[in-house]
Structure formats: structure tokens, C-alpha cells
Amino acid sequence: MDPKLLFWAAALVNLGVLCGYALYGVRYARRGEIARHRRNMKIASWLIVAFLGAYVLKVVFLGKEDQSVWSQLDIWVLRIHELFVLFMLGGGAVAWIQSRKLVATRLVTHDPNDPMPDARVLRIHRIAGRVAVIGSVLAFVMAIGVLVGMAARLG
């Protein structure tokens, strides 16, 4: 099997697992299980870091893909995938920054003596988190299309 195709298949699995952790993280947040929410989102974040490290190694050792042999449709699928990844990364970064402001609030600590979370910070965190999770799921769907196109070119 082509090593680049194998790498991208593993990356697709990574993104799928990441989406699973993120979706369960949202579920935990809705239930008020903030510790589980935080743990799932941290795992999802580490999966992103692991992918980025693996991608750098892939480029160093295997090189980039030759997009000159890609169809226009395949290039569009890749660009849309990359756009959704950008939403995932940007939304996740904003959600993480806002989450740092929520750590000492009673939402997280469950201590009635701690302050209530700032409504604006909480709203921005939720919106950014939604953008990140939706972006990750859509990036996963488009990644399937990218992988199918790569496999078809090898076929």
C-alpha cells in the first residue's frame, strides 16, 4: 500500500476519533459534567497536536502530494476540507481561551462560594466550541472525499 495513502487513512481515523471525543464532550457539557467535558476536549486537542506532528514528519520523509495530477473536483474537496479544519482550529482556540476564564467559576468548581461565570465569556465559549465541533465533523466528512480521491488515483 502507498505510504502516503496509509498516512492519510490513519489521519482519517485520528480525525474520526477526535470527532467522537468532541461530540461526547459536548454531551457531557450539556449534562453539567464539566470535568468529563474538559477531559474529552483535552484529548481531542492532543489528537490535533499528534496529527500536526505526524503531518510534519510525513512532509519531511514522504513529501507533499503532487496536486498537478488531481482533478479540479479533488482540489475543491481538499480546499473545503482545509477550510473546515481552519474552523475547527480557530473555534477550538477561542473556546480554549474562554475556558481559561471559566475555570475558577462555580460552573466548573460546583462550589457555591465561587463566582458565577460571566455570561459573555460563557456565550463566546459555547459559540466557539460549536464552531470547532461542527468544523471537525465537516472536516471528517470532507476528509473521506479526499481519501477516496487519493485511492482512485492510485487505482
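Reader: Which residues form one aromatic cluster?

Author: Phe7, Trp8, Phe51 and Tyr55 do. This is a predicted model, where local features need pLDDT of at least 70, side-chain atom pairs count only at pLDDT 80 or more, and totals for chains, interfaces and linings use all residues. Residues are numbered from 1 along each chain as its sequence is written, and side-chain values use heavy atoms, with hydrogens and water left out.

Reader: How many aromatic pairs does a search of the whole structure find?

Author: Six. Rings of Phe, Tyr and Trp (its six-membered ring) pair if their centres lie within 6.5 Å; planes under 30 degrees apart are stacked, over 60 edge-to-face, and the rest tilted.

Reader: Why is the pair of Trp8 and Phe51 called tilted?

Author: The ring centres are 6.2 Å apart and the planes stand at 45°, so the pair is tilted. Trp8 lies in helix α1 (residues 3-31) and Phe51 in helix α2 (residues 34-62), 43 residues apart. Helices here are DSSP runs (H or I, at least four residues), numbered from the N terminus.

Reader: What makes Trp8 buried or exposed?

Author: Buried means under 20% relative accessible area, exposed over 50%, and partly exposed in between (1.4 Å probe, protein chains only). Trp8 has 18% relative accessibility, so Trp8 counts as buried. Phe51, at 24%, is therefore partly exposed.

Reader: Which residues of α2 are buried?

Author: Ile34, His37, Asn40, Ala44, Leu47, Ile48 and Lys58.

Methods. Helices (H or I, at least four residues) and strands (E, at least two) are DSSP runs, numbered from the N terminus.
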